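Hi there,

Here is the structure I promised to pass on. My notes follow below it.

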Amino acid sequence: MSLIAALVGLGLAAGILLIVDGLRRRPRSPRRVRRPTAPGFERRVALAVALGGLTAAITRWPVAAIALAALGWFAPDLFGGKASRDRATARTEAIAAWTEMLRDTMSGAHGLEETVITTAAVAPPAIKAEVNALALRLDQEPLTQALSEFAEDLAHPTGDLVVAALTLAAAGSVGDLGDLLGTLAVAARDEAGMRLRVEATRARLRTAVRVIAACTAATALGLVVLNRPYLSAYGDASGQAVLAAVAAAWAAALWLMTRMAEFVAPERFLAATADEGAQ
């Protein structure tokens, strides 16, 4: 009977995690271009079910099963994330390089459309799909509309600055677009360098989060395997309530430390403008 209760608790925990994940705020997805993303949802579900099911089978404690299932769900955030941070830095540097290409190509091209099409063939790999999609749209759509969709494809604050400069240039509101693009390229490279410095200073905090989570989980597992009578006080309802409070405090502490180690990117002003216009 206790195993059934544990499985029911595990199912309830999985439902709560799915609801929380659905309520999380995410950046707007691009309209046309799909960038390759690491498998996230399936891996989270697999880790949550594996850890929660194993804990339920060993301890027969619903609270422990829910806590370990939650740890499995958020494990990619606690123990991973380096690849996504590297991708973000690479995209910023790619936007800077492409902006410099636009500046250098503009003198030999006939118009802004031809400049974009010329640079599409040699665009940096991190944004090559987006730039190629922009070049294809220029054959079918007006320049300003194609640039607006390109900004949605990039979904990047620095990309918004470049798109805004190109849009103003298309309307004839920019005197020297080459100098403006050169300034934006320098700003993008400075942002990429700042991200690298921030990541380096916060690496120690991320390591601390991983060490605390791993040591706490290893200690709990060691007590369950090697000294089960020591944990017998958690076997009844009151013990489960105390364990729930301990797990909640531990989870809140890890969440706060993880939030402190995150890089907070600036808001996209083109996306904010589009949202205000839709309202």
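What volume does the second largest pocket have? The answer is about 730 Å³, a volume being the space filled by probe spheres set on grid points joined across faces, edges and corners. A pocket here is an open set of points on a 1 Å grid over the protein atoms alone, where a 1.4 Å probe fits and protein lies on both sides within 12 Å along at least five of seven lines; lining residues have an atom within 4 Å of a point.

Of its 24 lining residues, Leu68, Thr216, Ala217, Ala220 and Leu221 are the closest to the centre. Helices H2 (41-59), H3 (62-79), H9 (177-226) and H10 (237-260) each give two or more residues to this lining, and H9 gives the most, with seven.

Please keep in mind that this is a predicted model: local features need pLDDT of at least 70, side-chain atom pairs count only at pLDDT 80 or more, and totals for chains, interfaces and linings use all residues. Residues are numbered from 1 along each chain as its sequence is written, and side-chain values use heavy atoms, with hydrogens and water left out.

The protein chain has 11 helices and zero strands (DSSP runs numbered from the N terminus: H or I, at least four residues, for helices; E, at least two, for strands).

His156 is buried, at 8% relative accessible area (buried is under 20%, with a 1.4 Å probe and protein chains only).

Best wishes

Conventions: Buried means under 20% relative accessible area, exposed over 50%, partly exposed in between (1.4 Å probe, protein chains only).
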